[in-house]
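I opened this notebook to keep track of what I looked up in one protein chain.

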Amino acid sequence: MSAKSAINKEIFAPHDERMLGAVQVKRRTKKKIPFLATGGQGDYMTYICLSGKLQHSYSRHDAALVTNKKPSQVSITKVKQFEGSSSFVRRSQWTIDQLRQVNGIDPNRDCAEFDLVFDNTFDQWVAGSAGEKCTFVQILHHTCQRHIADRKPEFINCQSKLLGGNSILHSAADSVTSAVQKASQALNERGERLGRAEEKTGDMMNSAQQFAETAHKLAMKHKC
């Protein structure tokens with residue numbers, strides 16, 4: 001069983017919670033703590049987990065408890081595993097509404113660093129890999145969009161692919177707009193060319209009609 005599966009089973013499942021995403025992290029900057037009751041530095045692993053309290057509803061028809069797919073009470077929890085222990089310990093926890101900002105550090109490349117800013121605290125993290133960080137930020141952003149109606153947290157310095165591919169959509173929209181503009185311009189130019197051609201055709205028809213009338217008059221004159 002992977003560490004993340006074990007965390008879900010041990011920390012969240014007993015409380016009717018479901019883990020939505022998790023990332024193993026280390027601090028980028030060391031906090032100055034005069035006394036650390038849990039041990040010295042480097043003797044534990046830290047995970048940042050996103051979880052949701054499952055909603056249950058009672059069905060009168062089959063007298064069963066039904067679990068809805070959409071979780072409520074979404075939380076961000078710091079979980080630790082200490083050296084020499086196979087169990088996990090729940091530490092700090094925040095509701096998703098307390099999250100104010102997610103800083104992806106570099107919007108131009110995949111990187112493992114990110115910051116989480118809450119109402120009264122902030123943490124600077126380094127994920128185990130850039131891929132893990134990107135996946136977690138993507139899940140976090142998607143969850144915030146679904147579960148926070150007002151005052152959504154700010155996602156800064158994040159690649160567009162983590163935020164739903166906004167720049168790709170904008171690029172596609174720009175391409176479509178450009179294509180429409182080009183097609184419209186081509187139609188206008190074609191219309192102008194057709195207009196000029198119709199004018200020339202009309203002139204030619206008028207000239208031909210006048211020539212025919214003149215020829216007919218000359219023929220009648222000589223006939224007389």
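The entries below follow the order in which I looked things up.

**Ground rules.** I am working with a predicted model, in which local features need pLDDT of at least 70 and side-chain atom pairs count only at pLDDT 80 or more, while totals for chains, interfaces and linings use all residues. I number residues from 1 along each chain as its sequence is written, and side-chain values use heavy atoms, with hydrogens and water left out.

**Overall fold.** I looked up the secondary structure and found three helices and 10 strands, taking helices (H or I, at least four residues) and strands (E, at least two) as DSSP runs numbered from the N terminus. Along the sequence the elements come in the pattern α-β-β-β-β-β-β-β-β-β-α-β-α. I then asked for burial, where buried means under 20% relative accessible area, exposed over 50% and partly exposed in between (1.4 Å probe, protein chains only); of the 224 residues in the chain, 29% are buried. For contacts, meaning heavy atoms within 4.5 Å, I noted that 58% of those with a separation of 6 or more join residues 24 or more positions apart.

**Cores.** I searched for nonpolar cores, each a set of buried Ala, Val, Leu, Ile, Met, Phe, Trp, Tyr and Cys residues joined through side-chain atoms within 4.5 Å. The largest has 26 residues, and those with the most contacts inside it are Ile48, Ile76, Leu99, Leu116, Leu140 and Phe155. Several elements supply at least two residues each to this core, among them strand 1 (17–27), strand 2 (44–53) and helix 2 (130–147). Helix 2 gives the most to this core, with five residues. I also followed Phe155, which touches Val102, Val137, Leu140, His141, Cys144 and Leu163, leaving aside residues up to four places away in sequence. A second, separate core of 10 residues includes Ala6, Ile11, Cys49 and Phe88.

**Helix 2.** I checked the span of helix 2, whose 18 residues reach 26 Å from the first C-alpha to the last, close to the 26 Å expected at 1.5 Å a residue; the expected span is 1.5 Å times one less than the number of residues. Its buried residues include Phe136, Val137, Leu140, His141 and Cys144.

**Strand pairing.** Two strands pair if DSSP finds at least two bridges between them. Strand 1 runs antiparallel to strand 2, with eight bridges joining them, and here I found Ala22 opposite Cys49. Strand 1 also pairs with strand 9 in the antiparallel sense, over three bridges, with Lys26 opposite Val126.

**Aromatic pairs.** How many aromatic pairs does a search of the whole structure find? I found four, with rings of Phe, Tyr and Trp (its six-membered ring) paired if their centres lie within 6.5 Å, and with planes under 30 degrees apart counted as stacked, over 60 as edge-to-face and the rest as tilted. The rings of Trp94 and Phe118 have centres 4.2 Å apart and planes at 10°, so I recorded this pair as stacked. Trp94 lies in strand 6 (residues 89–95) and Phe118 in strand 8, so the pair ties together parts that are 24 residues apart in sequence. Trp94 is buried, with a relative accessible area of 13%, and Phe118 is buried at 4%. Phe114 and Phe136 form a tilted pair, 6.2 Å centre to centre with 45° between the planes. Phe114 is buried, with a relative accessible area of 0%, and Phe136 is buried at 2%.
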